[in-house]
Amino acid sequence: MGDAALPADLLRADLAIEYPFNRTTGPVIGAFFTGLRERVLVGIRGADGRVICPPVEYDPVTSAPLTELVKVGDEGTITSWSWVPSPRASQALAEPHALAMIRLDGADTALLHVVAADGPEAVATGARVRAHWADEREGGVTDIAYFELTGEHEGTEA
Amino acid sequence: MTDTDIYGVLPEALWSQPEIDLSGIAEFDGVEAIQRVRLPASITYDYIPGLAQTRFLRGLAQKKILGERSAQSGDVYVPPRGMSPAEGLPTSEQVELPHKGSVASFCVVHIGFGTNAPPTPFCSALVLLDGASVSVYGPIQEIPYDQVRIGMRVEPVWVDDDQLAPSFESIKWWRPIDEPDVPAESLKGHM
């Protein structure tokens, strides 16, 4: 039955259902979030010496527990990306933007985050980006409001 | 209210992972480590309560509690869904229920959430209104939570008249009335 068949005086309301999950982070993810609040990005050194960012608790190859957190840069290189033409309400930016895998300087793996850009033609694999920190940070991935393009490209000098 | 008030302090040695080494990162000196994060999951939706519940909700705005009776079984459903779930047939007879009922079941809530949750601990109950076949939900106030009992007689406490709305929140809570408890057996099958 379509809306046209409903009586005009029928009640109607916007409702929300919300589950207020409060999750413990564990020491490794907790350190990553703590770092974000303090405006420093950290990865973790894997068994083979590679730096994994965001950090993981166990080595992806050997499964050995990992403990050595290392600082990585707040600039990096886009390794893959996708354009979001019509963001939904819960997405980080209201304007169209890119979602990108970003290999931060000093890291060997990529982090998924938002890249602000005027349009998809401005984004490219290999493009250099820099974290734009949120003014109010509370320890979460949204402490980086977005990454912005520096205008440089990997392998070229500015 | 802070998360610590609600959930308490995390116990030591909660996590099985080994100690992490942050010695190489000066920015971590003296800062409080994050141990948990709030990750609410939510969906918003457009709710249309239907004809029967629209009547019920509009009744609440006039301090009326409206139910509907099944012509076959005589059961009175409140809030009404427009049909009897037992028979699958429409409930066409409107019934205005009295503002008196009995606690059919209850629990003590220690972790409260929601916009209008009373301070914890509080007692949350199912109230069987006189003449109804099913119970309605509501918090019990104006009595210590550990003195609430099954069979206790209660009445609704309404919001101020200028706050009345087509919403179940027009009833703030339920409170005891000075009548003898009803036998628990009389409430069986009416939760």
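## Barrel in chain A

Two strands count as paired if DSSP finds at least two bridges between them. In this predicted model, five strands of chain A close into a barrel. Their order is β6-β7-β8-β10-β9, and the pairing is mixed. Neighbouring strands of this sheet are turned against each other by 55° on average, direction ignored.

One parallel pairing in chain A joins β8 (residues 110-116) to β10 (residues 144-153). A:Ala116 has A:Glu148 of β10(A) as its bridge partner.

## Open sheet in chain B

Chain B holds an open sheet of three strands in the order β4-β3-β7. The pairing here is antiparallel.

Strand β3 (residues 65-69) of chain B meets β7(B) over five bridges, in the antiparallel sense. Within this sheet, B:Ile65 stands opposite B:Leu97 of β7(B). Helix α2 (residues 50-60) of chain B lies across β3 and β7 of chain B. The helix runs at about 150° to β3(B).

## Interface: extent and make-up

On the chain B side, B:Gln17, B:Ile20 and B:Ile34 lose the most area to chain A. These residues together account for 17% of what that side buries.

Across the interface, 15 residue pairs are in polar contact, with both residues at pLDDT 80 or more.

## Interface: strand pairing and salt bridges

Strand pairing also crosses between the chains. Strand β2 (residues 22-24) of chain A pairs with β1(B) in the antiparallel sense over three bridges. A:Asn22 stands opposite B:Arg38 of β1(B).

Side chains of opposite charge can pair when their charged atoms come close. Over all chains the count is 19 salt bridges, and two are between chain B and chain A. B:Asp46 and A:Arg12 meet through their side chains at 2.8 Å, N to O. B:Glu27 forms a salt bridge with A:Lys71, where the closest N and O atoms are 2.6 Å apart. This pair runs from the loop between α1 and β1 of chain B, which holds B:Glu27, to strand β5 (residues 69-72) of chain A, which holds A:Lys71.

## Backbone features in loops

Where does A:Pro54 lie? A:Pro54 is in the loop between β4 (51-52) and β5 of chain A. A cis peptide bond joins A:Cys53 to A:Pro54, with omega about 5°. In chain B, the bond from B:Thr120 to B:Pro121 is cis, with omega near -10°. B:Pro121 is found in the loop between β8 (101-109) and β9 (122-129) of chain B.

A:Arg39 is not a glycine, yet has a positive phi of about 60°. A:Arg39 sits in the loop between α1 (26-37) and β3 (41-45) of chain A.

Terms used:
Residues are numbered from 1 along each chain as its sequence is written. Chains are lettered from A and ligands numbered from 1 in the order in which they are written. This is a predicted model: local features need pLDDT of at least 70, side-chain atom pairs count only at pLDDT 80 or more; totals for chains, interfaces and linings use all residues. Side-chain values use heavy atoms; hydrogens and water are left out. Helices (H or I, at least four residues) and strands (E, at least two) are DSSP runs, numbered from the N terminus. Contact means heavy atoms within 4.5 Å. Axes are lines fitted to C-alpha atoms, for helices over the stretch in contact, and angles run from 0 to 180 degrees between N-to-C directions. Buried area is the accessible area (1.4 Å probe) that two parts lose on being put together, summed over both. A salt bridge is a side-chain nitrogen of Lys or Arg within 4 Å of a carboxyl oxygen of Asp or Glu. A polar contact is a pair of N or O atoms within 3.5 Å; within protein, one must be able to donate a hydrogen and the other to accept it, and residues adjacent in sequence count only if both atoms are side-chain atoms.
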